[in-house]
Amino acid sequence: MRRSIRFALIICALVIVSGAVGIAQPQNPYQSVVSLSLGDSFIDYSNNLTAQVTTNIDGSYHYEYTLDFQQSTYMSGEALTEFSVANRDNLAFTNQGSDHVFSNAVSSNSVLWVNGNVGVGNTVKFWYDSFYSYKVVEVTLSGGLPSSGDTLGMVIPEPSSIIALLTALGGFAFLRKRR
């Protein structure tokens, strides 16, 4: 009987570790490199994008992006007109805003800010709230030509992670019942 309990504990530990690896969060705050794709090559720009995700009192997440807009992607001095963070699953979010004059646009696959006119050399903040946790997603900005990179954004939890955690909980329930 002791052998079976040890074996069950080892299995539970392995499932928990594999589940934790599956749901591991990326670095927060997250530093991004924004690039312009030209065929098979990429041109990096000096625009520093930082994403920070914090937890609100109600348990939702506050997503905040700070963009140091130092270089446009087309012509010198081209203004920042649009910023978007991927939302492939069309997840719900609230309190979308910016500290500059941007319109909060409706999009089926991104959280989108449009109609801005922020000149080179300015820092812009964008934010929204959501009950969905974060992973690395695509970000796009337009200051001349569109450029893209990676940042933190809301996603649906991976099914494999949920299954691994449920399996671990089932193993613990089995051990408790066995005792």
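1. Helices (H or I, at least four residues) and strands (E, at least two) are DSSP runs here, numbered from the N terminus. With that in hand, the protein chain has two helices and ten strands, and along the sequence they run α-β-β-β-β-β-β-β-β-β-β-α.

2. A word on the ground rules. This is a predicted model, where local features need pLDDT of at least 70, side-chain atom pairs count only at pLDDT 80 or more, and totals for chains, interfaces and linings use all residues. Residues are numbered from 1 along each chain as its sequence is written, and side-chain values use heavy atoms, with hydrogens and water left out.

3. On to the overall fold. Of the 179 residues in the protein chain, 37% are buried (under 20% relative accessible area; exposed is over 50% and partly exposed lies in between, with a 1.4 Å probe and protein chains only). Among contacts (heavy atoms within 4.5 Å) with a separation of 6 or more, 62% link residues 24 or more positions apart.

4. As for the surface, the chain exposes about 10,400 Å², with 57% of that supplied by carbon and sulfur atoms.

5. Have a look at the loop between α1 (2–22) and β1 (30–38), where you'll find proline 29. The peptide bond joining asparagine 28 and proline 29 is cis, with omega about 10 degrees.

6. Two asparagines deserve a glance too. Asparagine 95, in strand β5 (residues 94–98), has a positive phi of about 55 degrees despite not being a glycine. Asparagine 115, also not a glycine, has a positive phi of about 60 degrees; this residue sits in the loop between β7 (110–114) and β8 (122–130) and is exposed, at 60% relative accessible area.

Technical notes. Areas by Shrake-Rupley, 256 points an atom, 1.4 Å probe, with all protein chains shown as cover.
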